[in-house]
Amino acid sequence: MRANWQFFLLALLMACSLWFMVSGREEVEAWAKMRIEMKGMPSNLIVMQGLEPTVDVRVRAPKGLLRGITDRQLAYSLDLSTLTPGLNIIPVQPEKVPLGSAYEVVEVRPSRLTLNVDSIETREVPVSVQVTGSPSTDIKVTGTTASPGAVSVRGPSSLLSDVEGVNVVATVPDATDP
C-alpha cells in the first residue's frame with residue numbers, strides 16, 4: 001500500500017472531481033408561469049370565455065440553469081387564426097414553449113384551452129325617449145323626438161340579439177325648480 005499512495009491520491013482526486021461534475025449537473029424540476037400572447041385573431045370574432053392570461057409550465061433542467069428561468073419573462077405564442085364562432089378547443093403544445101434545448105418541458109397546465117368565440121356584428125337600432133319628472137300642472141308634454149332616430153351598435157352577436165332599441169331618459173324639471 002505504501003508504494004501505491006500516489007495512485008490512491010490520484011484516484012481520490014478523480015473521484016472528487018467526477019462527483020463535483022455530476023452533482024453540479026444534477027437535473028431538477030420547477031414550475032414557471034408563462035404569459036399567453038395571442039396572434040392571428042380574426043377581426044370579426046371575439047373570445048367571450050376561456051382565455052387564460054398565463055399557463056404553468058413544469059421544466060426539467062440542470063440546477064444552475066433552472067434558477068435563472070424564473071427571472072426571465074416567458075411568453076407562449078397562441079395562434080388563434082383557426083377560430084370559428086362557438087366552442088373551440090386549442091391545445092397548448094409543450095414543443096412550442098420557447099426555451100432552449102437545455103430545458104425539457106415536462107408538463108403544461110392547462111394542456112388545452114376551451115374558448116367560447118362569438119362573431120362581432122353591427123346593428124342599427126331605434127332610439128326612443130322616455131320622459132320622467134313631475135312638471136307643473138300648466139306644462140304638458142305632447143310628444144318626443146330623438147335625433148338621430150337610430151344609432152349603430154357594435155358587439156358580440158349573442159349580446160346584440162336582445163337589443164331592441166336604445167332608451168333615452170329626458171327629465172322634466174320639477175315645478176319647484178327655478
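In the predicted model, four strands form an open sheet in the order β4-β1-β3-β6, and their pairing is mixed. The edges of this sheet are taken by β4 (75-79) and β6 (104-109); each has a single partner strand, so one side of each is left without a neighbour in the sheet. On average, with direction ignored, neighbouring strands of the sheet are turned by 35° against each other.

Within this sheet, strand β1 (residues 27-39) pairs with strand β3 (residues 54-62) through nine bridges, in the antiparallel sense.

Strand β2 (residues 45-49) runs antiparallel to β7 and is joined to β7 by four bridges; here Ile46 has Asp118 of β7 as its bridge partner. Strand β5 (residues 86-91) is also antiparallel to β7, with six bridges between them, and Ile89 lies opposite Thr114 in β7.

Strands β8 and β9 are likewise paired with β7. Between β7 and strand β8 (residues 150-156), seven bridges are found in the antiparallel sense, and Ile120 is placed opposite Pro156 in β8. The pairing of β7 with strand β9 (residues 166-171) is parallel and comprises six bridges. In this pairing, Gln130 stands opposite Val169 of β9.

Notes
Residues numbered from 1 in each chain as written. Predicted model: local features only at pLDDT ≥ 70, side-chain atom pairs only at ≥ 80, totals over all residues. Heavy atoms only, no water. Pairing = 2+ DSSP bridges. Helix = DSSP H or I, 4+ residues; strand = E, 2+ residues; numbered from the N terminus. Axes fitted to C-alpha atoms, helices over the stretch in contact; angles between N-to-C directions.
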